[in-house]
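I opened my notebook to work through this structure piece by piece. Below I keep what I looked up, in the order in which I looked.

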Amino acid sequence: MSERVLVAGATGGVGQLTVAKLLEKGYAVRAMTRSSEKVQQMFDGKVEVAIADTRQPETLPAATQGITHIICCTGTTAFPSAKWDFDFSSQTNGFQQVLNWGKVFLDSNYRRTQAKNSPEQVDAQGVINLIAAAPKDLKRFVFVSSCGVEHKDKPPYSFLNAFGVLDAKQKGETVLIQSGLPYTIVRPGRLIDGPFTSYDLNTLLKATTNGKQGVVVATGDTLTGQTSRIDVAAACVASVNSLAAENKVFELINRGERPATVDWEGLFAQLPAH
């Protein structure tokens with residue numbers, strides 16, 4: 001194929017599966033990562049590797065040059081964790097560490113200034129930076145968001161959004177919709193199924209839901225439930241060139257009996273335009 005798909009977040013759980021499914025479909029893939037370590041090994045040398053960081057906009061133009069499609073699978077944890085990359089890791093005093101983590105959870109200003117990989121930095125500003133760096137003739141920008149962005153003030157999503165992850169996702173969605181780029185926004189529920197990460201392409205290619213529940217899509221942020229990472233990756237790859245999925249925002253969960261084959265194009269076609 002002449003298309004070249006950039007996968008941002010290519011080493012994460014959904015990102016790895018997305019890369020594997022793109023390769024299976026014959027796409028040329030550029031895997032974007034902050035560090036090249038193990039990436040070529042992971043994908044058996046079948047992908048280009050772009051060293052870039054969505055938090056650092058100056059690194060993105062080279063990564064997006066010559067790209068026809070972007071699938072953005074970046075993200076961090078909803079609740080403060082080591083993945084937020086707090087700036088107090090050099091503290092060795094155990095009691096001081098406890099105090100620092102206490103301030104992280106209780107003091108929003110401290111949390112914001114100390115974190116280097118928070119939802120605001122990754123799911124909002126990082127996505128906005130990637131959108132700005134996208135080629136103007138991009139054929140599709142697929143963004144993995146989250147169920148609940150439109151109901152983040154109501155349970156259970158108010159709990160999930162306690163530290164702003166849904167606020168950040170919604171900011172990314174809004175900028176993408178307003179960008180003028182052709183887009184598809186996928187909102188999965190709580191992610192399940194692995195392999196969560198793997199350093200073997202064959203393992204990724206063989207990933208299966210093992211006949212678990214079927215796929216349900218809807219709009220208006222009306223769905224709540226679990227979603228297989230494998231189905232999220234499949235939806236991203238199926239939507240990347242689908243006219244029926246263009247400029248659509250949809251939730252995706254697993255429910256009901258699973259068919260032998262998921263008809264993604266049929267599912268996309270039933271969705272109203274955003």
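I began with Q56, which counts as partly exposed because its relative accessibility is 36%; here buried means under 20% relative accessible area, exposed means over 50%, and partly exposed lies in between, with a 1.4 Å probe and protein chains only. I found Q56 in the loop between β3 (48-51) and α3 (60-64), where helices (H or I, at least four residues) and strands (E, at least two) are DSSP runs numbered from the N terminus. I also looked up how Q56 stands to A238, and the two are 182 residues apart in sequence and 29 Å apart in space, C-alpha to C-alpha.

Before going further I noted that this is a predicted model, in which local features need pLDDT of at least 70 and side-chain atom pairs count only at pLDDT 80 or more, while totals for chains, interfaces and linings use all residues. I also noted that residues are numbered from 1 along each chain as its sequence is written, and that side-chain values use heavy atoms, with hydrogens and water left out.

Next I turned to S36, which lies in the loop between β2 (28-33) and α2 and counts as partly exposed, since its relative accessibility is 45%. Leaving aside neighbours within four places in sequence, I found S36 in contact (heavy atoms within 4.5 Å) with V49 and I51. The C-alpha atoms of S36 and I51 are separated by 6.6 Å, and the two residues are 15 apart along the chain.

Is S118 buried or exposed? S118 counts as buried, because its relative accessibility is 10%. I located S118 in the loop between α5 (108-114) and α6 (119-133), and, beyond its neighbours within four places in sequence, S118 is in contact with T76, W84 and D123.

I then looked at L166, which belongs to helix α8 (residues 165-178) and counts as buried because its relative accessibility is 0%. Apart from neighbours within four places in sequence, L166 is in contact with several residues, including S146, C147, Y157 and L160. From L166 to V249 I read 15 Å, C-alpha to C-alpha, for two residues 83 apart in sequence.

Staying with α8, I checked how it packs against α6, and the two are at an angle of about 10° with their axes 7 Å apart; axes are lines fitted to C-alpha atoms, for helices over the stretch in contact, and angles run from 0 to 180 degrees between N-to-C directions. α6 and α8 are therefore roughly parallel to each other, given that angles under 35 degrees count as roughly parallel, over 145 as roughly antiparallel, 65 to 115 as roughly perpendicular and the rest as oblique. Among the residues that make this contact are V127 and I131 of α6 and A168 and V175 of α8.

How do α1 and α10 lie to each other, and at what angle do they pack? Helix α1 (residues 13-24) and α10 pack at an angle of about 50°, with their axes 8 Å apart, and they are therefore oblique to each other. Where they meet, I found L17 and L22 among the residues of α1, and I230 and V237 among those of α10. The residues of this contact divide into eight nonpolar, two polar and two charged; Ala, Val, Leu, Ile, Met, Phe, Trp, Tyr, Cys and Pro count as nonpolar, Asp, Glu, Lys and Arg as charged, and the others, Gly among them, as polar.

I went on to the largest nonpolar core, which has 43 residues, and those with the most contacts inside it are F43, L252 and W264; such a core is a set of buried Ala, Val, Leu, Ile, Met, Phe, Trp, Tyr and Cys residues joined through side-chain atoms within 4.5 Å. Helix α10 (residues 229-239) gives the most to this core, with seven residues. A second, separate core has 23 residues, and A8, I131, A133 and V249 are included in it. In soluble globular proteins, nonpolar side chains tend to be buried together.

Last, I looked at the backbone. Most residues other than glycine have a negative phi, and most peptide bonds are trans. D44, in the loop between α2 (39-42) and β3, has a positive phi, near 55°. D221 also has a positive phi, of about 55°, although it is not a glycine, and it is buried, with a relative accessible area of 5%. Finally, I found a cis peptide bond joining P155 and P156, with omega about 0°.
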